[in-house]
Amino acid sequence: MDRQGSDEEQTAGTGRTRAVRRGLRPVGRALRLLARPVRPALRLTGRALTSTIARRTGMGLGIVAVALAGVVGGVLLAGPMNVDIGPFRAQMAITPAAGGGTSVDIPPLGALQIDSHAGPAHLSIQLGALDLRRTEALIGDPAGIARASQSAVSDVTDGVIRVGLRTVAVAVLATLVLAFLVFRNTRRVAWAGGLSLLITGGSLGVAALTIRPEAIEEPRYEGLLVNAPAVVGDARRIANDYGKYADQVQRLVGNVSKLYTTVSALPVFEPAQGTTRVLHVSDIHLNPTGWQVMRTVVEQFDIDVVIDTGDITDWGSEPEASFLGSIGVLKVPYVFIRGNHDSAATAAAVARQPNAIVLDNTVRTVAGLTIAGIGDPRFTPDKETSPNGSGATPQVLEQVTGAGVKLATTVRAANPPVDIALVHDPASGGALNGACPLVLAGHVHHREIDPLPQLPGQPPTLMLVEGSTGGAGLRGLEGEKPLPLALSVLYFDQQRMLQAYDDIEVGGTGQAQVSLERHLVQPPQPTPTTSATPTPGTTTPAPNLPGTPPPVIPPTPTPTR
């Protein structure tokens, strides 16, 4: 009975289970019917969510890419900015670079690499030409040199701040323009602009925070600086010497303007009306002070033409071409021949000046004078080049004299006859004896007056060798006293004959003075005895200094020009 009862209960339970299942079947069918439209919606929602995330990620990456491209393009587009550092015109620029640092280009000597800061921003500074107006202001002001030295740091600081702000502004603007062209969406453009501001500002901030002022004491030299121990090793001594020299020259240059008044005290020779005045200069060797002296003499002596017998540069390099822009400031014809320190590129740069004439075995008539000239056949700025020097060789002598022979052939064939022949090295002048009345040269850095031996049946020839109008540049500071700045004024009459010449020297003696010495040229005689007879020279005192009595200058009549 018990077993039969349990079987019945089990059968009843199974029946109830089956009944429940049969009752739930309609519910399951209903749920399945309701779920059919929901499944695609869920699938679409998942896909949309994934797509939105991908789209936003891609858009974010796109904004970052546009911002980076805008920053790089804007920094490159900003380019260098012109700034004034003392009397120099300089260019500053910030460029992308992983290692940071600063480079200072000093044409023509080379460059200094300074590990000044970290970060992705590199600062470039390139010193250019001297600004004529600022240089004149320094020379005319006794305290100008000292003030320029003191203001150099603030000039550099102001320049860096200006170029940094400009770089940030141009980078952000370039990014905004690029983002607008790509997205055409104000919000995305704003995001890109803000990101570019963060990138550029952050880069400059890293540079500012990691700056190392002491790094300037440990620069790495490149270019000609590596091969110039006299400049690198003795830089402090030369700088000190130049500082003393500049203190003198700034008083001397202004004093040149008194030279013309001094000339009136020499009644032996008075230039007649119609006289052509020629300023002979040579071997400027990149000395900017030479330009100021030349300009003053051109104005005070009413110069008609300047003749330069070479070595206007030191290395004949392309960066030195910026130094030649002062030729145009003289505003008179500038006749030039190449020296052994001047390259073909130097001659081409001179020829590009609006008032310059470059002669190379050619003849030109300038200011009524027929002038022939030939460039030095050598380009050896770093070697002994004088045929009379210890390093002379027969090949060097043949080169130099051969240039003179070549020019003599050109001079003898010229029509009208040549009045002045130009060579750089005096060793080239011998071949021109009898071919023309006057030969001008330079190269040796001191004056020489050489009446060449008159040949039978030939007119006499006088050769005038000029000193260094630039005091031989840095070389002139290597001795105990700097070389003087030397230049000459030549007077030609209406028959194009040399009547007289004034030798001018500025400084170089350790005293603040300008000297002028007048020489008369005797007319040709039947016998070859033509000579240059000097008359007593005069010395113009320096401008009066505070605390010293003024110099006494006797009154003189105003000269007739």
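Strand β17 (residues 485-492) and its neighbour β18 run antiparallel, joined by 8 bridges; two strands count as paired if DSSP finds at least two bridges between them. Strands here are DSSP runs of E with at least two residues, helices are runs of H or I with at least four, and both are numbered from the N terminus. The model is a predicted one, so local features need pLDDT of at least 70 and side-chain atom pairs count only at pLDDT 80 or more, while totals for chains, interfaces and linings use all residues. Residues are numbered from 1 along each chain as its sequence is written, and side-chain values use heavy atoms, with hydrogens and water left out.

Back to the hairpin. Ser-488 has Asp-503 of β18 as its bridge partner. There are 5 residues between β17 and β18, and Arg-496 in the turn has a positive phi of about 65 degrees. Strand β18 (residues 498-506) is largely enclosed by the rest of the structure, because 7 of its 9 residues are buried (buried means under 20% relative accessible area, exposed over 50%, and partly exposed in between, with a 1.4 Å probe and protein chains only).

Next comes an open sheet of 6 strands with mixed pairing, in the order β11-β12-β13-β14-β16-β15. Its edges are β11 (362-366) and β15 (448-451); each has a single partner strand, so one side of each is left without a neighbour in the sheet. From one strand to the next, the twist averages 20 degrees. Inside the sheet, β12 (residues 369-373) and β13 (residues 420-422) pair in the parallel sense over 3 bridges, and Ala-372 has Ala-421 in β13 as its bridge partner. Lying across β11, β12 and β13 is helix α10 (residues 394-412), which runs at about 150 degrees to β12. Axes are lines fitted to C-alpha atoms, for helices over the stretch in contact (heavy atoms within 4.5 Å), and angles run from 0 to 180 degrees between N-to-C directions.

What about aromatic rings? A search of the whole structure turns up 2 aromatic pairs. Rings of Phe, Tyr and Trp (its six-membered ring) pair if their centres lie within 6.5 Å; planes under 30 degrees apart count as stacked, over 60 as edge-to-face and the rest as tilted. Trp-291 and Phe-323 make a tilted pair, 5.6 Å centre to centre with 50 degrees between the planes. Trp-291 sits in helix α8 (residues 288-300) and Phe-323 in the loop between β8 (305-308) and β9 (334-336), so this pair ties together parts that are 32 residues apart in sequence. Trp-291 also forms a tilted pair with Tyr-334, at 6.2 Å centre to centre and 40 degrees between the planes. Since Tyr-334 belongs to strand β9 and Trp-291 to helix α8, that pair ties together parts 43 residues apart in sequence.

Gly-99, by contrast, is exposed, with a relative accessible area of 57%. Its place is in the loop between β2 (88-96) and β3 (102-106). Leaving aside residues up to four places away in sequence, Gly-99 touches His-117 and Gly-119. His-122 is 23 residues from Gly-99 in sequence, and the two are 7.5 Å apart in space, C-alpha to C-alpha.
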